[in-house]
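The report that follows describes how the chains of this assembly meet, and then turns to individual residues. Please read it with the sequence and the structure at hand.

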4 protein chains.
Amino acid sequence: MAFSFPQKVLFKHCDPAGIVFYPRYFEMINDCVEAFFAEAMGWPFEEILTSKGIPTAEISTRFQSPSHHGDHLTLSLSVTRVGGRSVGLAVVARAGDETRFTAASTLVLVDGAGRPTAWPDTIRQKFLSLQEGPDHAP
Amino acid sequence: MAFSFPQKVLFKHCDPAGIVFYPRYFEMINDCVEAFFAEAMGWPFEEILTSKGIPTAEISTRFQSPSHHGDHLTLSLSVTRVGGRSVGLAVVARAGDETRFTAASTLVLVDGAGRPTAWPDTIRQKFLSLQEGPDHAP
Amino acid sequence: MAFSFPQKVLFKHCDPAGIVFYPRYFEMINDCVEAFFAEAMGWPFEEILTSKGIPTAEISTRFQSPSHHGDHLTLSLSVTRVGGRSVGLAVVARAGDETRFTAASTLVLVDGAGRPTAWPDTIRQKFLSLQEGPDHAP
Amino acid sequence: MAFSFPQKVLFKHCDPAGIVFYPRYFEMINDCVEAFFAEAMGWPFEEILTSKGIPTAEISTRFQSPSHHGDHLTLSLSVTRVGGRSVGLAVVARAGDETRFTAASTLVLVDGAGRPTAWPDTIRQKFLSLQEGPDHAP
């Protein structure tokens, strides 16, 4: 049930060592999450942000193997945890069979004043339907 | 023994919600690590990179509280673990008394072919002299 | 004969005013030029850069109208001038009928030492075949 | 009467060719303009942006000579034209005696709805006092 996001490694992503500068990976992850909300959830960021926010509260990332200019990555995003006001996501980036990085993050829905707020019911149901495995948080 | 790195939150760091876009925090962290190697370690990245690399192998970050345009942050970097070919770093960013984010990362020294390689002795001794606490890795 | 490059305005592109931060437009332009070389020229950057470089020597840009998060832009790239060692490009970005920005740039082919060097014949012919109008530089 | 802004070329600025990726120069320019408004004009962006905007309407840049990781640049910003609702700026970046790039830009003050609006009198006077030469626009 993973959401798939292709990303070629472009010139702008790469550092003097010829490999991806890791802060650029977080832009890729954010682009992937943004595409996931637009395409899989039907709730694009540009709509959410008219009244709410959806900041990343935490993210842990392992960079297993470097990516070079021209590599064709696929980021696979899965829903790992569905809370009342937060959601856990996992992103794995691969080039062919090789894993380049794995990331686990928690996003929180906030209102206009930055206070955590409950997911709309339809959104929470959608997360649950996409979630892999039984790890439903309260 | 933390290395201190001031960083005003600039226009370029901020997103449509008026707060720091989190991938920009990783650029700040990288700038802080680069300044630490240049100023505290006496081994600037532009020297290291003539023959070696020092990629980030993993990083975990918690974003406790948002930062707004114009905020004056201070990033404090500590050495938390000294390995033979890697080093653990912790970075805490504060605005006044408020913690904005905390990060823990592992950097690995690699040779020109990308293989992990041992720290020069003087560098390892320097890390150890800067390290806080007794958590020396083998 | 323009090369067309679609680009949705993403969260990462936008500033606290909710519009594209203009340095991000230059990343879009660079991505468009990189796609043009890969797809229209058959000479991808990751190949060029194994032995050469293709830096931007100058670029002039007018930002006619702001772009907002979620806008669907199309960048249209044309070859405007073909020199022996340089090429002139024009990029126009539109959302529907509205022009958002126009850019004119000159790129120079350089060898491994950074010295301007002649286009391979097949590349120069390809530029000429793509060029609009009679403005062939010597 | 130029405003001086030091900028070391950092790892994040550089591309696989080991030189500054040119969109990063526009971030440097924006940082320089932001520091100019805060320090020379006494009107920081974070204040302006509570009710207004100050977008870049056009910018022309020549990249004379590449900059490498570790280079110490100085950006010098001058006011070249003072309009009723716009201002012309020139930025020259040098490393020692060598010019790396020159840029000329026009910024426009806009109100909350994005319409051009007149500079506050004190700001316009300040621009005029900083301007070099007699080229006062109407």
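Predicted model: local features only at pLDDT ≥ 70, side-chain atom pairs only at ≥ 80, totals over all residues.

## Contacts between the chains

Between chain B and chain A, six residue pairs are in polar contact, both residues of each pair being at pLDDT 80 or more. For chain A the mean pLDDT is 94, and 95% of the residues of chain A reach 70 or more.

The area buried between chain B and chain A comes to about 1600 Å², with carbon and sulfur atoms giving 60% of it. Two salt bridges are counted between chain B and chain A; in a salt bridge between B:Arg62 and A:Glu58, the closest N and O atoms are 3.5 Å apart.

Chain A also meets chain C, where 16 residues of chain C are in contact with 16 residues of chain A. About 1400 Å² is buried between chain C and chain A, and 47% of this area lies on carbon and sulfur atoms. Six salt bridges are counted between chain C and chain A, and a salt bridge joins A:Lys12 to C:Asp31, with the closest N and O atoms 2.6 Å apart. The count of residue pairs in polar contact between these two chains, both residues being at pLDDT 80 or more, is 10. The elements of chain C that give two or more residues to the side touching chain A are α1 (22-39) and α2 (45-48), and α1(C) supplies the largest share of that side, six residues.

The two pairings are set out side by side below.

| Chains | Buried area | Salt bridges | Residue pairs in polar contact |
|---|---|---|---|
| B and A | about 1600 Å² | two salt bridges | six residue pairs |
| C and A | about 1400 Å² | six salt bridges | 10 residue pairs |

## How chain C relates to chain A

What rotation superposes chain C on chain A? A rotation of 180°, with 0.0 Å of shift along its axis, brings chain C onto chain A with an RMSD of 0.0 Å. The two copies are therefore related as by a two-fold rotation axis. Of the interface residues of chain C, 100% are also interface residues in chain A, so the copies meet through the same surface.

## Two residues in their surroundings

Is B:Glu27 buried or exposed? B:Glu27, which lies in helix α1 of chain B, has a relative accessible area of 4% and is therefore buried, the cut-off for this class being under 20%. Not counting residues up to four places away in sequence, B:Glu27 touches A:Phe21 and A:Pro23 as well as D:Lys12 and D:Arg24.

D:Thr102 is placed in strand β5 (residues 98-108) of chain D, and with a relative accessibility of 24% D:Thr102 counts as partly exposed. When neighbours within four places in sequence are left aside, the residues in contact with D:Thr102 are D:Ser60, D:Thr61, D:Arg62, D:Gln64, D:Val91 and D:Val92. D:Asp71 is 31 residues from D:Thr102 in sequence, and their C-alpha atoms are 17 Å apart in space.

Technical notes
Residues numbered from 1 in each chain as written. Chains lettered and ligands numbered in written order. Heavy atoms only, no water. Least-squares fit on C-alpha atoms with pLDDT ≥ 70 in both. Contact = heavy atoms within 4.5 Å. pLDDT = per-residue confidence, 0-100. Helix = DSSP H or I, 4+ residues; strand = E, 2+ residues; numbered from the N terminus. Buried < 20%, exposed > 50% of the residue type's maximum accessible area, 1.4 Å probe, protein only. Buried area = accessible area lost by both parts, 1.4 Å probe. Salt bridge = Lys/Arg side-chain N within 4 Å of Asp/Glu carboxyl O. Polar contact = N/O pair within 3.5 Å; in protein donor to acceptor, adjacent residues only side chain to side chain.
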